[in-house]
Amino acid sequence: MTRDAAPSTQPLPIRPITLSSPWRWLSRGWDDFARCPGPGLIHGAALAVFGAVLFVLAYDRFWLLAGAFSGFLLLAPVLATGLYAISRGLERGERVDMRIALRTWRPRDRRLVVFGVLLAAAGTGWVLTSAALITVFADAPVRNPRDFLHVVVLAPKSLLFEAWLVLGGALAAPVFASSVVAIPLLLDRPVGIWRAVLTSWRAVVEHPLPLALWAAILMTMTAVAIAAGMVGLLVAVPWLAHASWHAYRDLVDTTSLPESA
């Protein structure tokens, strides 16, 4: 089933949460990872290898690499779809393994495919925008991480790094607001993309501080995992993915809708 049970575009009700909720999501996410570590480690290893290959290929084009890694953060929700399915299976008391995760990648559900394409477009747009900003406004060529540090981050009398952060935040904020619960919702219930996005925005509007904290946790843990030579992604990817499922389950009241097959 891939369509709404009723052709409604109204956002679903949002449950109350507190500023401590993101820490509870992390705890529950870790429990899921510990109960079924295999699929999570495979996801984490795949993304770690991808990041390492990207770093090697674009090391001397860091103006592009900086945008590519930050674009990775925009795509992370859809890359974790298989792990949401693992958490859902654990929640239902089902036997879970990598086959359940792989099943979600089959393009039989156009909603997830379309949403993934939209996120990929947003990520690509940011990569190109980031590359253009650094290439045009940097005082010297930025070819590697050391150049980025000296020419962009630590450049005296330059606001290029601040402008890069503001521009990235201006793009990341609406993407986060549109996807924070949308993809788990699309996986879990037969709702349309527009309704899932509106529900996600409603969650952010009703709980701005807890979800701002959640966004900061996601970005910080991912950045630390990447900075640790990509090895940290082995743990960070599954941990945050499982935790994101519990964020969705805490936030969205889906009692009025049937479950997806």
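**Helix packing and overall architecture**

In this predicted model, helices α7 and α8 are roughly perpendicular to each other, because their axes cross at roughly 100° and angles of 65 to 115 degrees count as roughly perpendicular. The axes of α7 (residues 145-153) and α8 (residues 160-179) come within 8 Å. The chain as a whole has 12 helices and 0 strands.

**Contact of α7 with α8**

- On the α7 side, the contact is made by F148, V152 and V153, and on the α8 side by L160, F161 and W164.
- By residue class, this contact divides into 6 nonpolar, no polar and no charged residues.

**Contact of α8 with α10**

- The axes of α8 and α10 come within 6 Å and cross at roughly 110°, and the two helices are therefore roughly perpendicular to each other.
- From α8, the residues P174, F176, A177, S178 and S179 meet V197, S200, W201 and V204 of α10.
- The residues of this contact comprise 6 nonpolar, 3 polar and no charged.

**Helix α10 and its surroundings**

- Helix α10 spans residues 193-206 and has 14 residues.
- From the first C-alpha of α10 to the last, the helix reaches 20 Å, close to the 20 Å expected at 1.5 Å a residue.
- The buried residues in α10 are R195, A196, V197, T199, S200, A203 and V204.
- Among the elements that cover these buried residues are α6 (110-137), α8, α9 (182-188), α11 (208-227) and α12.

**Nonpolar cores**

- The largest nonpolar core contains 57 residues, of which W25, I86, L211, W214 and L251 touch the most other members.
- Helix α12 (residues 233-251) supplies the largest share of this core, with 10 residues.
- Leaving aside residues up to four places away in sequence, L251 touches P13, I14, R15, I17, W25, V181, A203, H207 and L211.
- There is also a second, separate core of 10 residues, which includes W126, A138, V151 and L160.

**Burial and contacts across the chain**

- Of the 261 residues of the chain, 48% count as buried.
- Considering contacts between residues at least 6 apart in sequence, 80% join residues at least 24 apart.

- A45 is located in helix α2 (residues 37-58), and A45 counts as partly exposed because its relative accessibility is 29%, between the limits of 20% and 50%.
- Although A45 and V237 are 192 residues apart in sequence, their C-alpha atoms are 9.0 Å apart in space.
- G192 lies in the loop between α9 and α10, and G192 is buried because its relative accessible area is 17%, under the 20% limit.
- The C-alpha atoms of G192 and S8 are separated by 8.4 Å, while the two residues are 184 residues apart along the chain.

Terms used. Residues numbered from 1 in each chain as written. Predicted model: local features only at pLDDT ≥ 70, side-chain atom pairs only at ≥ 80, totals over all residues. Heavy atoms only, no water. Axes fitted to C-alpha atoms, helices over the stretch in contact; angles between N-to-C directions. Helix = DSSP H or I, 4+ residues; strand = E, 2+ residues; numbered from the N terminus. Parallel < 35°, antiparallel > 145°, perpendicular 65-115°, else oblique. Contact = heavy atoms within 4.5 Å. Nonpolar A, V, L, I, M, F, W, Y, C, P; charged D, E, K, R; others polar. Core = buried A, V, L, I, M, F, W, Y, C linked by side-chain atoms within 4.5 Å. Buried < 20%, exposed > 50% of the residue type's maximum accessible area, 1.4 Å probe, protein only. Expected span 1.5 Å × (residues − 1).
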